[in-house]
Amino acid sequence: TVRLRLGLPIPEIKRNPICACGATLDHEGQHAQTCGTGGGVWWRHEQMKDAFCSLLQGLRHCYVTREPTFGQLGLSTPTRLVNERQKRPDFLAGLPSGDTVLGDVAVTHPFSIDANRLRRFAKTAGSAAKAMEKVKNDRYGEICHEIGFRFVPLVFETYGRPGEGTIRFLKEIAKLGAGRVRGGEGDEAVQTRLMDRYYKVLSCTL
């Protein structure tokens with residue numbers, strides 16, 4: 001993990017340089033970060049989803065349902081195509097505040113062999129995460145609004161940078177989590193410790 005984030009050659013890839021898709025792996029692991037063959041990208045997504053669900057389940061009076069379909073949540077067939085009713089965000093969470101959110105997790109890789117895309121992402125830190133947040137909002141935002149739920153895109157870049165939506169949501173649940181400590185709702189020190197814990201959990205999972 002450290003070698004990946006520092007851009008150093010990864011010994012495991014040198015020992016086994018062929019991807020499950022048949023392509024030759026680069027020693028820095030760039031191909032492995034995006035290739036859907038072999039299950040590595042899917043496994044990382046599932047681990048991040050489980051980590052977010054565990055953080056939410058640690059809140060008092062919070063319930064979490066994994067991968068509900070929009071049809072199950074009340075999206076009617078006459079207004080939407082059947083395939084849209086079958087779309088499923090990663091989780092639905094009823095927060096202690098009374099708010100209900102739908103979250104969808106994504107891990108995006110800021111490196112690209114497309115020079116234009118790479119140049120665009122290199123101009124501003126967090127551009128890859130911001131672009132993926134837009135993809136998620138375009139896919140789920142309107143549908144969530146239609147059925148009355150708030151949508152939250154939970155995006156991380158592969159090197160560890162979270163998207164702005166992720167940061168806001170973590171601050172929100174840290175504030176709710178601080179409420180478990182008497183007088184903690186307004187205690188910034190408690191919320192800071194919770195944020196530190198959340199980032200450590202998510203960083204190690206990533």
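Guide: Sorted by class, the lining of the largest pocket has 10 nonpolar, 9 polar and 2 charged residues. Here Ala, Val, Leu, Ile, Met, Phe, Trp, Tyr, Cys and Pro count as nonpolar, Asp, Glu, Lys and Arg as charged, and the others, Gly among them, as polar. Keep in mind that this is a predicted model, where local features need pLDDT of at least 70 and side-chain atom pairs count only at pLDDT 80 or more, while totals for chains, interfaces and linings use all residues. Residues are numbered from 1 along each chain as its sequence is written, and side-chain values use heavy atoms, with hydrogens and water left out.

So what's a pocket? On a 1 Å grid over the protein atoms alone, it's an open set of points where a 1.4 Å probe fits, with protein on both sides within 12 Å along at least five of seven lines; lining residues have an atom within 4 Å of a point. This one has a volume of about 460 Å³, meaning the space filled by probe spheres set on the points, with grid points joined across faces, edges and corners.

Of the 21 lining residues, Leu4, Gln33, Gly40, Arg44 and Leu206 lie nearest the centre. Helices H1 (2–6), H3 (40–57) and H8 (188–205) each supply at least two residues of the lining; helices (H or I, at least four residues) are DSSP runs, numbered from the N terminus. H3 gives the most, with 4 residues.

H3 also supplies at least two residues of the lining of the second largest pocket, which holds about 300 Å³ of space.
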